[in-house]
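Work through the following exercises with the structure open beside the text, and try each task before reading its solution.

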Amino acid sequence: MESLVKQFNEWEMKLLVLLSFTLQWFLFFAGSLRRHGTSGFLRLSIWAAYLGADLVAVYSLGLLSRHEDITPEGHIPWRTQPLDFFWAPFLLIHLGGQDTITAFSMEDNNLWLRHLLNQVVQVVLAMYVFWKSIGRHNVELLVSGILVFVAGAIKYGERTWSLKCGSLESSTGHHYINTLPEEINFDDGYYSIVCVALDSMPYILGIFSVSSLFARSPLSEETLRDPNKMLKVVRLQLGMMHDDLYTKTIVLRTRSAIILRCISQISVLVAFALFYANDKWWYSRGDIVITYTLFIGGFLLEVCAVFTLMMSPWTWAWLKVQKCNMLARLSWLIFSSDIGWPEKEQRWPNFMGQYNLQSWLTGNNNRKPRTCNQRVMAVVKRLFMDLIGVEKKKIFWVSKLLDTEYVNVDKMMLEYVAKEISLLHDEFPIGDVPTEKPPHGKERREWKNIEPLLQKTQTDLGIDFGRGIFEMHMLTEIHLCKYPSPSDMEANNAGMVEVCRKLSHYMMYLLVTHPSMLPLNISAEATLGLDPKVIEDDLESNEEFLEPSKETLEGMVHMWIRLLIYAAGKSRVEMHKAQLSRGGELITFVWLFMSHYGLGDSQVRRIQITNADNTMAPSVPDVYAFYDSSYSISSDESSSSPHVDVPSSPSNA
């Protein structure tokens, strides 16, 4: 037993350093995957590695500071002299993290002062380890270690700097200004889309930092009228915002950070050369191998980091400005490839959550489980409910975890969303009197086929939005069962059925798993605890008004999109910033898309469910998801409503 303990003590430091190094490799590659990944296992793995990496590095530095082998009193034969002290600056480099992930969540950014204090403590601790080693090693090795220490201090500083910038405290957007030359704004195709997205980032920063309320979008009217272009622009904006919040991208765009990064890399190269040339015959072979592993592995990570930096649209724009045409073409090639930000592939949002509450309530098991989680849930139901007799509501939390699935966000759905937001913008232009028709001649959305249903539910949606979603989800499931299988339908109708079902399941997914993103009047638990029999009785009378037809199907698709738009307009920016670290949500995409049209509670025009309960003229221009002309405000009242001045900005996109 004593021999095992002795062996462990000899290898403890070596294993900890190798574990820290391995965690850095994992974080580098996993950090880039979470930008458009929704896997719970991936997120759990990143969380464990993110916390574990700091824990292992800090513990290792503390262990080194108390290591007997580096104390002057320790008398050790020269042939067994350890290299443990030399690994302290490498641990600082590991604490500096990777370029692809600096923060796991927004809370990490907000606690950047705590990270700064930790940085000071760990740097002083590493210096203490070096001080205890003076006189026991030759000068070349000490100089090599000092150079690695410089690189580690710079790397750690980059992380703290990135966390501060990611917190968006007192951010003025100075790192976005004067980045693009005017001549590349006139290119056609994907070039122009990327330029528009880059040029609008100060406005996006203002939205996410809540520092530019009621500001007008810098996008031109031509861009706003092109749904396909808008989809690509917003996708790029979300991707760049994710990088600014959760990676080192925002720091590495500054001149001072680039200079410090060059100093760091040169220091490591010189340190490696000194270590390679140093006489190492009295050091342990295992320690030498580990040290070479740290050097070479660090070089490879830096090469990968440069490759990742070249993938950024900001790098391409900067190289264009500097007239580095060959490097700019290389950057564009990497950026537009399948591993970067391809034009044709939808990455933001990539997936949308789905939860079928109607299946859970009715216990309908006719559909076979499609995922491993759903198979596990079926076993849980049989085990706990059928055999043990546990109440159904007591295992609902398990259903939220296992019955939730993720499906692709198809192009058809996003086109529906983009066109509906544009139409809603046109229905209620700024300065327009709500009782009048839009001045451009376009009619407001009519709900002929589902009007009786809306008359019964739109008021309830305003009173209790959660229950309204609950009821509409149940009704949608019942109604969609009346349609034939997709193989027996026209392609367009089958596509609308799929979009309608996805939207219904997505809104229930938000209610079940992310209720804080919805404008709920009562808690989600209370809504989900309603007696399903009462709901079903109400649905039987409502469902009679719906006849299966193409027009009814279109009306239900538009209805669900309007509900999603309303929920997005009422959501808080803090929730969207947090969701970017989870791969992004469709509602975040809709929220940012709406902001360009001035729609939402933080924008020029608030969005309401209906005007049925608005008998007075609003003090702020309102937009109604379901406008009812029978509840018109008199012209006198409308004309007396205060005028809202909207700051204008030149359209430069």
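**Exercise 1.** Decide whether Phe272 is buried, partly exposed or exposed in this predicted model.

*Solution.* The relative accessible area of Phe272 is 22%. Buried means under 20% and exposed means over 50%, with partly exposed in between, so Phe272 counts as partly exposed.

**Exercise 2.** Classify the aromatic pair of Phe272 and Tyr292, and state which helices it ties together.

*Solution.* A pair of aromatic rings is described by the distance of the centres and the angle of the planes. The structure holds 33 aromatic pairs, and in the one formed by Phe272 and Tyr292 the distance is 6.1 Å centre to centre, with 75° between the planes. Centres must lie within 6.5 Å, and planes over 60 degrees apart count as edge-to-face, so the pair is edge-to-face. As a next step, place the residues: Phe272 lies in helix α12 (residues 255-277) and Tyr292 in helix α13 (residues 285-310), so the pair ties together parts that are 20 residues apart in sequence. Both residues also belong to one aromatic cluster, whose members include Phe85, Phe130 and Phe299.

**Exercise 3.** Trace the salt bridges of Glu302, and say where each partner lies.

*Solution.* Side chains of opposite charge can pair when their charged atoms come close. Begin with Lys155, whose side chain meets that of Glu302 in a salt bridge at 3.0 Å, N to O; this pair links distant parts of the chain, with Lys155 in helix α6 and Glu302 in helix α13, 147 residues apart. Continue with Arg261, which meets Glu302 in a salt bridge at 3.8 Å, N to O; here Glu302 in helix α13 is linked to Arg261 in helix α12, 41 residues apart. Then compare the accessible areas: Lys155 is buried at 6%, Arg261 is buried at 10%, and Glu302 is partly exposed at 21%.

**Exercise 4.** Describe the contacts of Lys14 with Asp287 and with Trp11.

*Solution.* Lys14 forms a salt bridge with Asp287, the closest N and O atoms being 3.3 Å apart. Lys14 lies in helix α1 (residues 2-33) and Asp287 in helix α13, so the pair ties together parts that are 273 residues apart in sequence. Both Lys14 and Asp287 are buried. The charged end of Lys14 also sits over the ring of Trp11, 5.5 Å from its centre.

Conventions
Residues are numbered from 1 along each chain as its sequence is written. This is a predicted model: local features need pLDDT of at least 70, side-chain atom pairs count only at pLDDT 80 or more; totals for chains, interfaces and linings use all residues. Side-chain values use heavy atoms; hydrogens and water are left out. Rings of Phe, Tyr and Trp (its six-membered ring) pair if their centres lie within 6.5 Å; planes under 30 degrees apart count as stacked, over 60 as edge-to-face and the rest as tilted. Helices (H or I, at least four residues) and strands (E, at least two) are DSSP runs, numbered from the N terminus. Buried means under 20% relative accessible area, exposed over 50%, partly exposed in between (1.4 Å probe, protein chains only). A charge sits over a ring if NZ of Lys or CZ of Arg is within 6 Å of the ring centre and within 35 degrees of the ring normal. A salt bridge is a side-chain nitrogen of Lys or Arg within 4 Å of a carboxyl oxygen of Asp or Glu.
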